[in-house]
Amino acid sequence: MRAQPFDNIIDRRNTASWKWDKLDKVFGTSDLLPMWIADMDFAAPPAVVEAVKAKADHGIYGYATFPRSFYEAITGWMKRRHNWDVKGEWIMVTPGVVPAISIAVQAFTAPGDGIVIQPPVYPPFFRCVKANRRRLVENPLKFEEGQYRIDFDDLERKLDPTVKMLILCNPHNPVGRVWPKEDLIRLTEICIKHNLLILADEIHGDLIFTGHRHIPLATLGAEVAERTVTFTAPSKTFNLAGLYTSATIISNPALRQRFNELLEVLSVNEGNVFGIAACEAAYNHGEAWLSDLLAYLEESADFLIRYLSERMPQVKAVRPEATYLAWLDFRELGLDSAELRRFLIYKAKVGLNDGTTFGTQGEGFARLNFGCPRSLLAEGLTRIEKAIKG
Ligand SMILES: Cc1ncc(COP(=O)(O)O)c(C=O)c1O
């Protein structure tokens, strides 16, 4: 294995970082180890840093276009990593997955339409539905024997002609599931039967652990592809979230035209010169770095699970199959959500994401971001252990 850059602690304080510089605003104190919002405390791959530096050195940061090589970087990546034949013209560049989801909600549904989400799930899904005045239809995941599953019966019961769309999180944040092929097939069969459009958020699709495989939903046949809008980005994979460059992939020309119209109406169809350079470098030259990152994250996940079972078995973790987010079950501590929040902030002095922000199903849970040097992960776990034992 190559030398590990992931153990280096890089000081992120006073770098305009949400994770490190907004603790007072988010948690009411800055005396915390931040293990919340989903970016990593690792430098991007060297090829990305070089590409951004080269752009910076050029000194002119005028309006950008998207060169052909940029689209080729994305299509090449999708083919190599996910065996998905994406055509350049299917890709629309968007300033982030969340804005793109909100735009898709506006483009393809009307106020009052029902939209399905599967909580506990990434909080902005709630906002993208509610802020656009669409109706939230919750199809909660089932939690059985330490594993989350899709509740297909509940889903079928909740569908009627006023429900038009489903937002899928694959892999799923926060529960870390890479949905198996048979689940995705069953889900798409239901969506076809009830004529639902599917928004597939696949932003975590490159961060997959051993034994699992990410299946882009749109690869499950023509009938699925024509009703699927896929959202992806190099931002989680290579830690580029602050560069605001994501891809929305739509093979259906009518849907693509409608989505493009709205991008124009909202005037969000321009690019960021640094984002373009970084994205291209990451997809073209980041593969070796990513395999090292995945090995590191997987060891960190093992470390976390072992730490909990050996030293604080009251706290259970759902073993992540993907990404760097661990969904921790604190229910055995017998605290309500306000007490758990206070316990973590003031007693343990760690900043985790409050489970209830992912839906009422998150009561008694919190999400821990382990995309950090192992020594910081150990520090965070030690703080929680001491708080429990103290
Ligand atoms: C499922 C999911 N979608 C989207 C995002 C954010 O995407 P963006 O920063 O591109 O808006 C995140 C970040 O945590 C996420 O977990």
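View 1. Of the 13 residues around the ligand, the nearest are Ala38, Gly96, Val97, Val98 and Asn173. Please keep in mind throughout that this is a predicted model. By residue type, the shell around the ligand splits into eight nonpolar, four polar and one charged.

View 2. The chain is divided into domain 1, made of 18-45 + 287-389, and domain 2, which covers 61-285. Taken over C-alpha atoms, the centres of domain 1 and domain 2 are separated by 25 Å. Domain 1 brings 27 residues to the contact, and domain 2 brings 29 residues. On the side of domain 1 that touches domain 2, at least two residues come from each of α13 (287-311), β11 and β12 (325-329). Helix α13 gives the most to that side of domain 1, with five residues. In composition, the side of domain 1 that touches domain 2 divides into 16 nonpolar, six polar and five charged residues.

**View 3. The largest nonpolar core.** This core has 117 residues, and those with the most contacts inside it are Ile101, Ile167, Ile198, Leu199 and Ala278. Helix α12 (residues 273-285) gives the most to the core, contributing eight residues. Both domains take part: domain 1 (18-45 + 287-389) and domain 2 (61-285) each supply at least three residues to this core. As general background, nonpolar side chains in soluble globular proteins tend to be buried together.

**View 4. Ile167 and its contacts.** Let us stay in the core for a moment with Ile167, one of the residues with the most contacts inside it. Leaving out residues up to four places away in sequence, Ile167 touches Ile101, Ile115, Val116, Ile117, Phe125, Leu199 and Asp201. Of these partners, Ile101 and Leu199 are also among the core residues with the most contacts.

**View 5. A four-stranded open sheet.** The strands of this open sheet follow the order β11-β12-β15-β14, with antiparallel pairing. At the edges sit β11 (316-318) and β14 (353-354), each of which pairs on one side only. Three bridges join β11 to β12 in the antiparallel sense, five bridges join β12 to β15, also antiparallel, and two bridges join β14 to β15 (residues 365-369), again antiparallel.

**View 6. The hairpin of β11 and β12.** Six residues lie between β11 and β12 in this hairpin, and in the turn Thr323 has a positive phi of about 60°. Across the pair, Val318 stands opposite Trp327 of β12. Four of the five residues of β12 are buried, so this strand is largely enclosed by the rest of the structure.

**View 7. Strand β15 between its two neighbours.** In the strand order, β15 sits between β12 and β14. Because five of the five residues of β15 are buried, the strand is largely enclosed by the rest of the structure.

**View 8. Ser30 in a loop.** We finish with Ser30, which lies in the loop between α2 (23-27) and β1 (33-34). A residue with 20 or more other C-beta atoms within 10 Å counts as buried, and one with 12 or fewer as exposed. Ser30 has 15 other C-beta atoms within 10 Å, so this residue is partly exposed. Its contacts are Leu23 and Asp24, when residues up to four places away in sequence are not counted. Trp20 is 10 residues from Ser30 in sequence, and their C-alpha atoms are 8.5 Å apart in space.

Note on methods. Residues numbered from 1 in each chain as written. Predicted model: local features only at pLDDT ≥ 70, side-chain atom pairs only at ≥ 80, totals over all residues. Near = placed C-beta within 6 Å. Nonpolar A, V, L, I, M, F, W, Y, C, P; charged D, E, K, R; others polar. Core = buried A, V, L, I, M, F, W, Y, C linked by C-beta atoms within 7 Å. Domains from an automatic or database assignment. Contact = placed C-beta atoms within 7 Å. Pairing = 2+ DSSP bridges.
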